[in-house]
Every structure is written in structure tokens, then in C-alpha cells.
Amino acid sequence: MRPLRVLHLPGNIRWIMDAIIDGQQDAGIEAKKFLITSRGIDNPESESFDYVPVRQPGRKLKGFPFYIPHLIKFLYRYIRAVLWADVIHWQYSFRFWPEHSKMRKLDFAILSLFRKPAIAQFHGLDFMRNYDWAQENPWWLEAFSPELFEEFEKLGQVTQRDFAAANFVLAMGHGMLPAVLPENEEKSFLLERTMDVASLEPSVDDSLSKDKIVIMHGPSSPQKKGTKYVLAAIEEISKARDIDFVLLQDMSRSEVIEELGKADIVVEQLLCGDYGLASVEAMARGCAVVANVCPSLQESYPSDLPIVSATPDTVKDTILDLIDNPERRIDLAYRGHEYAMRVHSIERTRIEILKAYRKAAVNRGRKQVIKRIDALLANLQAAA
């Protein structure tokens with residue numbers, strides 16, 4: 001029996017995709033990527049990308065002499081990659097064509113035409129129902145401007161509708177499951193975010209009498225992460241405690257990972273209501289993590305989730321408590337790494353990913369693909 005072939009696309013944040021591919025190849029799966037964006041790549045000039053031809057709305061025939069050849073070339077490369085694969089693993093809700101384009105559903109239509117089992121793995125809040133979310137977490141309203149809030153609400157509805165209609169398995173962590181519409185629940189699958197945790201060795205300073213506590217905050221988007229509240233809290237804390245504060249900005253991911261090894265406390269975000277990949281990285285590196293996690297999500301996560309939840313109102317006291325209670329801070333650091341390994345590592349999630357593939361193959365009635373997946377699952381579960 002030949003190996004299972006998995007095509008990963010379209011390539012949003014590449015280091016997530018690479019971790020999954022490396023883990024799958026270690027398990028005997030043939031996995032490759034189809035890249036259309038350089039996001040998340042430290043050295044994009046070293047990679048090969050497929051150009052997606054996009055025409056702006058309202059341009060009518062203008063640009064067709066250049067558009068049509070690019071479109072044909074892209075579709076040829078895409079269809080060739082799809083035909084090679086047994087399973088399609090879509091990363092994020094990132095699409096080939098924007099939501100206003102008449103081509104928007106073509107990428108999914110091709111998958112359906114060739115009856116390819118497909119999952120979409122969401123790593124963030126890709127189709128969060130913003131207005132419902134804001135009822136429990138009022139800080140969510142501050143994460144976006146009113147215009148963006150409305151736009152994301154509409155995009156979220158389009159995203160979920162399109163993926164579900166194309167018979168994708170909607171794979172996501174605890175934080176996104178509440179956003180799945182009732183009619184799509186049968187297509188949802190619990191799959192936590194994946195990371196190469198084993199490569200991120202913990203660096204815990206377990207001294208109970210450390211001279212200075214190092215606190216870090218690395219906002220990818222200061223407005224969404226509530227950075228102004230973090231800075232205000234740090235300003236007050238620095239008057240009462242001897243601390244070092246580091247704002248991680250304008251750094252590559254490798255530089256951020258190295259800096260995290262020097263931190264005692266990492267504040268990820270105070271508005272979003274769920275922890276993100278930055279928290280997983282910090283836990284993997286052995287840091288005590290502070291993030292805004294809504295009560296309903298805290299109940300849905302494993303009971304030993306080692307993240308201290310805080311809001312703009314409580315972040316100052318939360319950080320002070322971790323500074324003044326080194327035993328608790330150090331315990332969180334050690335438990336955080338263990339949790340990241342158990343819940344988010346590729347060694348753990350690749351089994352769940354295969355189960356999601358199996359569900360997608362059953363949906364498409366692909367018996368040979370199911371046999372290949374079952375053989376892989378038997379081997380991995382026996383070795384676990």
C-alpha cells in the first residue's frame with residue numbers, strides 16, 4: 001500500500017504548516033505544500049510561490065490580456081497538485097480569491113469535482129460571531145474599529161458557509177467551537193493548534209529570590225492585544241517592584257522565540273477572550289502566561305490549563321501576584337511546557353489530524369484513503 005499523500009495549502013503562517021508537514025513525514029506520510037503567500041516566512045526569497053491572479057471589481061475587460069494567461073497557469077498548477085493528493089489540508093480561512101470575486105468558490109469547486117477529502121484547520125478566530133462573543137467578553141469590542149468589527153462579522157459568515165458547503169471538515173480548538181453554527185456541528189472536529197513544541201526547550205529560572213522579574217509582551221496587533229492596558233499596568237508596577245519589561249516588536253519569529261527564553265512572565269493579550277499561538281510558544285519556552293480567557297472557554301479547556309486569565313481591569317494585580325508568589329509562577333512555567341507538549345505538539349496532534357482526515361474521507365466515500373489512514377492510525381497509536 002502506498003503512503004498517504006497530503007497537500008497543505010494555501011500557506012498563511014508557514015511555520016505552522018512546516019511543523020505539521022515535518023511531523024507527518026516522520027510518520028511515513030507524503031506531505032507537501034502549495035504556497036501562495038510569504039506570510040510567516042523569515043526568508044521569502046528562498047521559497048517558491050504560486051501567483052494568484054486577481055482582478056479588481058468594476059474593471060470589466062481591463063487587464064484581461066494579462067489576467068487570463070496567469071489564471072490558466074495557476075489553475076494548471078493547482079489542479080496538478082490536487083490530483084496528486086489523497087487529502088487536502090487547508091490552513092486557516094485564507095482564500096485564493098477575495099470574498100467579492102466571482103472566482104471565490106472555484107478553489108473549492110475543484111476539490112469537489114475530484115472528490116478530494118478536505119479539512120480546514122483554523123488556528124485563530126476565523127469565523128467568530130463577534131456580536132455574540134461581545135456579550136460575554138465586552139473587551140472584544142475594543143479589539144477592532146467599528147468598521148472592522150462589522151467587516152469581520154460578515155467575513156466570518158461567508159467563511160463558515162463556504163467551507164461547510166464545500167464539505168470540508170471544520171477542525172478547530174476549543175476557542176472556536178462555540179462559533180460553529182448548529183447546522184454545521186456535524187462537520188466540526190476538535191483539533192487544537194499545532195506546534196513543534198519539542199524544538200522549543202523550556203528555560204525556567206526557578207530561583208525563589210530572583211533580583212528582577214522579566215516581563216514580556218509581543219503584540220502582533222497592539223489594538224487587538226490591548227497593549228495600551230499592558231503598558232499602563234507595567235508603568236504602575238515598575239514604581240512598586242524592580243522589574244525588566246521587554247516589548248517584542250519588529251522581530252522575526254526566531255528572534256522572538258529566543259527572547260522568550262529570558263522571560264519569567266509573558267502577557268499575550270487582554271481583549272480577545274482566548275489564548276493564541278503566542279501563548280503556546282511562551283508556555284513551550286517555560287514562561288508563566290497571562291491572557292484573557294473567557295469563563296465559558298476556561299470551562300471547555302482541560303481543567304489544568306496553566307494560563308492566568310486577566311482583563312484590563314485585573315492585569316496589574318494579576319502580574320503583581322505572580323511577582324510576589326515565585327512558587328506559583330515557577331509552577332505555572334513547568335506546567336505550561338508540559339501542557340503545550342500534551343495538547344499542542346505535533347506528536348500529539350498528528351493523530352487527531354489523521355482522525356479528521358478519516359472523517360473527511362468518510363464524507364467523500366473514499367474507501368482506499370480510509371484504509372491508508374486506518375493503517376497509519378494503528379501504527380501511531382501503537383507507538384504512543
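How many of the residues of helix α9 are buried? Seven of its eight residues are, where buried means under 20% relative accessible area, exposed means over 50% and partly exposed lies in between, with a 1.4 Å probe and protein chains only. The model is predicted, so local features need pLDDT of at least 70 and side-chain atom pairs count only at pLDDT 80 or more, while totals for chains, interfaces and linings use all residues. Residues are numbered from 1 along each chain as its sequence is written, and side-chain values use heavy atoms, with hydrogens and water left out.

The buried residues of α9 are Leu-277, Ser-279, Val-280, Glu-281, Ala-282, Met-283 and Ala-284. Helices (H or I, at least four residues) and strands (E, at least two) are DSSP runs numbered from the N terminus. The elements covering these buried residues include α1 (14-26), α8 (253-260), β9 (265-267), β10 (288-291), β11 (307-309) and α12, contact being heavy atoms within 4.5 Å. After α9 comes Gly-286, with a positive phi near 85 degrees.

Two packed helices are described by the angle between their axes and the distance between the axes. Axes are lines fitted to C-alpha atoms, for helices over the stretch in contact, and angles run from 0 to 180 degrees between N-to-C directions. For α9 (residues 277-284) and α12 (residues 326-344), the axes come within 7 Å and cross at roughly 120 degrees. That makes α9 oblique to α12; angles under 35 degrees count as roughly parallel, over 145 as roughly antiparallel, 65 to 115 as roughly perpendicular and the rest as oblique. On the α9 side, Val-280, Met-283 and Ala-284 make the contact, and on the α12 side Ala-333, Gly-336, His-337, Tyr-339, Ala-340 and His-344.

A second pair is formed by α13 (residues 346-364) and α14 (residues 367-383), which pack at about 160 degrees with axes 9 Å apart. Hence α13 is roughly antiparallel to α14. Among the contacting residues are Ile-351 and Leu-354 of α13 and Ile-373 and Leu-377 of α14.

The cysteines complete the account. A disulfide is a pair of cysteine sulfur atoms within 2.5 Å, and the count by this rule is zero. Cys-272 is in no disulfide, the nearest cysteine sulfur, that of Cys-294, being 9.8 Å away. Cys-272 is buried, with a relative accessible area of 10%. Cys-287 is likewise in no disulfide, and its nearest cysteine sulfur, that of Cys-272, is 19 Å away. Cys-287 counts as buried at 1% relative accessibility.
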